[in-house]
Amino acid sequence: MIRFIHAADLHIDSPLRGLGRYAGAPVERLRNATRRALVQLVDLALREQVHFVLLAGDLYDRDWPDFHTGLFFREQMVRLVRAGTAVFVVQGNHDAQGVISRQLPLPEQVKVFGSRAAETVLLRELGVALHGRSFPDRAVDEDFVPNYPEPVPGVFNIGLLHTSLTGAAGHDTYAPTSLPVLRAKGYDYWALGHVHARQVVSEAAPRVVFPGNLQGRHANETGAKGCELVTVHGGAVDAVFVPLDVVRWHQCTVPLDGIDQLGAATQRVARALADAAEEGAGGDRLHAMRIHLVGQTALQAEEARQPGTLAAMVHAAAQDVPGAEVWIEQVRLAVSSPVDRARIAQGQDAVAELVRLVDELAADPARLADWSARMLGDVLHKLPAEVLAGQAGDLPVLADPESLRGLLMEAEATLLARLNANPA
């Protein structure tokens, strides 16, 4: 019987940008999450007495700012090798040999595969052959797999590979390959890395898996994060996913249709938060949540009168969630007043003209972009380039028609709510 752990994309000490703008954010807890997830990985390996650990790239997020990052990783590797657990590593695009400038010697039982050509390590006592190749530089457009060694007969063959396969949304294309190419190699298990969402590409013959990253780093990396705990008995593979994240990110959409009291809205949001937190209950896990409030509600008028009302309501609801630690990362509003826009648009007053203009702009992206550019005027020229390109965190992408349309509809809803609240 063989037991091993397959993990990838640790991104140790990944920088968490923009947290300073969130009042009360648990900054240190978020900043240390990638480290604590690795500690939990090592704890699992020691508890389960696995024979070895596979790390399929991107141990680090970038070049170390100092030696503390490397020393922390080395400390955890020492814990493993002292217990007799070997570690096998391929480097990916973020921790390629050409990216990490500082170096520390690793324990002898930690094998980092070279980057010039694929190598094979034969563990005769276990009946396992491990094949892998590291990235020499950040950008690799070559398919490594055809040049991986042939499988060793009579043993369980594992390939370690950092790859985008045929492409993955949100990930750059590196070391591209395909499932047929992997299958043709004749290995029994492919331990992949690079894609941050867990994905079982093939269940068997061979089993091909992206375990996902060990710890979600922001609100777009939602759900459980962890590793694969694999047992091989008589050539049969039995694998289970083990969550190891210490901060779990969620995106929750809460409809407020028909709710006109803050108390009722608070109860509905609290139930949604509790349901989300229950999915990852246990331990001291922090639940970081981005909340989307949607629907038609008379509370939009209150929000128009007192901006921030609905966000404060969500924070209050988080305080009412029992048995879980919840932090509200952001509240996004897509609510509108329960008004009859079609009826308003038939009128002859300024409000009717406003609604008709919004409809015309929303239906014509080119006209909306031109109108927005004229209305914003010099403001656009004063914004940093990363804001215009959508590279500034969660700010709207002003060059994107859907983002502009969303801003337009939000402005209309706010204006209609204020006019409705003050029908002068």
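Helices (DSSP H or I runs of at least four residues) and strands (E runs of at least two) are numbered here from the N terminus. The model is predicted: local features need pLDDT of at least 70 and side-chain atom pairs count only at pLDDT 80 or more, while totals for chains, interfaces and linings use all residues. Residues are numbered from 1 along each chain as its sequence is written, and side-chain values use heavy atoms, with hydrogens and water left out.

**Largest cavity**

- On a 1 Å grid over the protein atoms alone, a cavity is a set of points where a 1.4 Å probe fits but cannot get out, and lining residues have an atom within 4 Å of a point.
- A search of the whole structure finds one cavity of 30 Å³ or more, and the largest cavity holds about 60 Å³ of space; a volume is the space filled by probe spheres set on the grid points, which are joined across faces, edges and corners.
- Helix 1 (27-31), helix 2 and strand 13 (247-255) each supply at least two residues of this lining, which includes Leu-30, Arg-31, Ala-33, Thr-34, Val-247 and Trp-249.
- The lining of the largest cavity divides into five nonpolar, four polar and two charged residues, where Ala, Val, Leu, Ile, Met, Phe, Trp, Tyr, Cys and Pro count as nonpolar, Asp, Glu, Lys and Arg as charged, and the others, Gly among them, as polar.

**Second largest pocket**

- Of its 20 lining residues, Val-335, Ser-336, Met-409, Glu-410 and Ala-413 are the closest to the centre.
- Helix 6 (299-305), strand 15 (325-336) and helix 13 (401-421) give two or more residues each, and helix 13 gives the most, with eight.
- By class, this lining has nine nonpolar, six polar and five charged residues.

**Helix packing**

- The axes of helix 2 (residues 33-48) and helix 3 (residues 68-82) come within 9 Å and cross at roughly 10 degrees; axes are lines fitted to C-alpha atoms, for helices over the stretch in contact, and angles run from 0 to 180 degrees between N-to-C directions.
- Helix 2 and helix 3 are therefore roughly parallel to each other, a term for angles under 35 degrees.
- In their contact (heavy atoms within 4.5 Å), residues including Leu-38, Val-42 and Leu-46 of helix 2 meet residues including Phe-72, Phe-73 and Leu-80 of helix 3.
- The axes of helix 9 (residues 350-363) and helix 10 (residues 365-376) come within 5 Å and cross at roughly 115 degrees.

How values were computed: Angles under 35 degrees count as roughly parallel, over 145 as roughly antiparallel, 65 to 115 as roughly perpendicular and the rest as oblique. On a 1 Å grid over the protein atoms alone, a cavity is a set of points where a 1.4 Å probe fits but cannot get out, and a pocket is an open set with protein on both sides within 12 Å along at least five of seven lines; lining residues have an atom within 4 Å of a point.
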